[in-house]
Amino acid sequence: MARASTHGAPSRASAGMAAADGGTPRVVFNRIEVPRVVLTADDADPGLYVPSPRASLEDCEALAAGRRRMLLRAPPGVGPGSVLRLPPPATSQGPQAGTALELEFPRNAAPGDALFALERPDGTWRLQKRTDEFAFLLPDCKPGDTLRARGLAIAPPNKEWAPVEDQGSELIAGTPQRRTAWLPGNCQVAWSGGTFLSFLVPDDIGHGELISVRLVEGADGGAAWALERLLALPPAANIAPPRSEPVRGPYAAALGLLERRGLLRHLVPDGDGVLQVNAPFCGRFQEHALLADLLSRLAARLPSARRVRLLGVEASAEYYQEWALAEKWMREAHPRVELSLRVGDLSEEALPAAALTIGLHPEVTKGGPWFAIVGSAVRSTRGLLMFATFYEDEMETVVNMANMYKSESSFVEAIENPYYHGMAELPPSPRMRYLVLVHSGRAAHCSRSGDASGDGGKKR
C-alpha cells in the first residue's frame, strides 16, 4: 500500500544534454513532477502485463514483427483514461478470443491519431500510437543500397490491409476517467509483418548523417514514407560528450563503486560472445561516454567477449539528434561497443537478456506501468542491475518493486552514492543519490568488511 512522504520537494530537476548546433553539447535541466510516496506490491494491478525477456535484441524485434495488428483511427472524445472497444478478431485464439476487446487508450495519443491494436505474446491485446516519424544514423553504405530500419508500429503496405466487418459506431456514456467507444466500422486490419521500414539510400548522402523520415498520408487513404530531412553531423573528432560535474560526478562514483565491490567481474557474454548491456528509460543518455570507457576496459578483460552491445530505450522521440551524436562518437571512440538508442514502451516491449543493466531515475512513485517497466528490467538481467534515484521514497519503491520480480537467488540492496559522502550541503535534487543493486551476491563481500569508503550496502 502506498505510504505518503512528509519530506522533500514535490519536483525534481533532471539534467540532460542538448546539442545547440549539431555538435556542441550543453547541459539543460527539466523540472519533472514526481509523487512523494512509497509504493508496494499492493499498489500494482494484479493483472498487469510484464514483458518476458528475450535471448537477444534480434529476438525482441522478431517478436514485435510477428504479432498480429489492427490499424485504426482514434475517434473523437477520447483521452487519458478512455477505453476503446474493438470488435473481436475473427481468428483470435488467446484469452480474449471471441469477445470484444476493451483496450486502454495510449497516454501519448489524441483523437484523430492513427493507432495500432497489437497482439501480445500471451494472446491479449493493447493499443499503441502509430509511429509517423522516424530518424536514424546512416550506417556504412552507398547510394542505391536498401536499408531496413527498425521501428515499432510502422504502417504495413496497403495490399496487406483487409476491411473489418462493419460494427456500427456507438458511444457509451461513462465517467471522465473511463470512457468507452465503439470504433468506426471502416478501420483497417493488417495481420502480418510491417514493423520494419525499407529505406533506399539517395545520392549525395554521406556515412554518419542523420536521416529523418515521416509517414505522409495521401488523399486516397494510403500512406507512404517520405524523406523529411538530412542532418550533416560534425566529424566524430569534433563531438565532445557532456562532461559536466552534475552528470559526470555521481555516475562515475557509482561505476567506481561497482568496480570496487567486484560486482563486474562475473558478467558473462552470451554464446556468441556479445556482452549485452541495457540502459532502460535512458533519456538523452548523456552518460554514454563514461559507460563506454568502463565497458571497453571490461571487455578487454573478458576473453570470451567479442564485442559489447549497449541498448538504450526511451519512451520519448525528442532525442534523435543527441542520440545520433552519441552513436557517431561511439563508432570512432569505442569500436568494440555497438551503441543502439531507440524509442520504445518498456511497459510493453521486451528487453533482451543482459549481463548488465543500469537505469537512472525511474519515475516509480507514479506507479501504473512502472511496475511492468521495473519488472521487465529485473527479469531481463542475468548479472548485475543498478537503479539510481533522487529521493529515499523513490529508492524504497524501487526496492519493493525489485523484490516483486527478482529470482529467489538474487539479492536487493540499497546504497547511498559515495559521491555525496562528506558533502556539507546536498543539492535540491541530488542525481543518483541512492543506488539499488540487484545481483546474485557473488563478490558482494569483497569490500564489505573494512571498507573505509563506506560502500557497504543494506540487503532489503
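This is a predicted model: local features need pLDDT of at least 70, side-chain atom pairs count only at pLDDT 80 or more; totals for chains, interfaces and linings use all residues.
Is K129 buried, partly exposed or exposed? K129 is partly exposed, with a relative accessible area of 30%.

## K129 and its partner

K129 has a charged partner. Its side chain meets that of D113 in a salt bridge, at 3.8 Å from N to O. K129 belongs to strand β9 (residues 125-129), while D113 sits in the loop between β7 and β8 (114-119), so the bridge ties together parts 16 residues apart in sequence.

## Other salt bridges

Searching the whole structure gives 19 salt bridges. Side chains of opposite charge can pair when their charged atoms come close. One of the bridges joins the side chains of R85 and E102, at 3.0 Å from N to O. R85 is in strand β6 (residues 83-86) and E102 is in strand β7 (residues 101-104), so this pair links parts 17 residues apart in sequence. E102 has 40% relative accessibility and counts as partly exposed.

A further bridge lies within a helix. R248 pairs with E245, and their closest N and O atoms are 3.9 Å apart. Both residues are in helix α2 (residues 245-260); because they are three residues apart, about one helical turn separates them. R248 is partly exposed at 31% relative accessibility. E245 is partly exposed as well, at 36%. Elsewhere, a network of salt bridges links E58, R307, R309 and E338.

## Aromatic pairs

The whole structure holds seven aromatic pairs. A pair of aromatic rings is described by the distance of the centres and the angle of the planes. For F281 and W370, the centres are 5.3 Å apart and the planes stand at 70 degrees, an edge-to-face pair. F281 comes from the loop between β19 (274-279) and α3 (288-301), and W370 from helix α5 (residues 370-380), so the contact ties together parts 89 residues apart in sequence. Both F281 and W370 are buried. Together with F387, these two residues form one aromatic cluster.

What is the geometry of the pair Y320 and W323? Their ring centres are 5.8 Å apart and their planes are at 85 degrees, so this pair is edge-to-face. The angle passes the cut-off, since planes over 60 degrees apart count as edge-to-face. Y320 and W323 both lie in helix α4 (residues 320-333), three residues apart, which is about one turn of the helix. Y320 counts as buried at 17% relative accessibility. W323 is buried too, at 2%.

## Charges over rings

Two arginines sit over tyrosine rings. The charged end of R36 is over the ring of Y391, 4.1 Å from the ring centre. For R120, the ring is that of Y49, and the charged end is 4.6 Å from its centre.

## Helix crossing

Two packed helices are described by the angle between their axes and the distance between the axes. Helix α5, which contains W370, meets helix α6 (residues 392-405): their axes come within 9 Å and cross at roughly 60 degrees. That angle makes α5 oblique to α6. The crossing of these two helices is right-handed.

Terms used. Residues are numbered from 1 along each chain as its sequence is written. Side-chain values use heavy atoms; hydrogens and water are left out. Rings of Phe, Tyr and Trp (its six-membered ring) pair if their centres lie within 6.5 Å; planes under 30 degrees apart count as stacked, over 60 as edge-to-face and the rest as tilted. Helices (H or I, at least four residues) and strands (E, at least two) are DSSP runs, numbered from the N terminus. Buried means under 20% relative accessible area, exposed over 50%, partly exposed in between (1.4 Å probe, protein chains only). A charge sits over a ring if NZ of Lys or CZ of Arg is within 6 Å of the ring centre and within 35 degrees of the ring normal. A salt bridge is a side-chain nitrogen of Lys or Arg within 4 Å of a carboxyl oxygen of Asp or Glu. Axes are lines fitted to C-alpha atoms, for helices over the stretch in contact, and angles run from 0 to 180 degrees between N-to-C directions. Angles under 35 degrees count as roughly parallel, over 145 as roughly antiparallel, 65 to 115 as roughly perpendicular and the rest as oblique. A crossing is left-handed if the near helix is turned anticlockwise from the far one by less than a right angle, and right-handed if clockwise.
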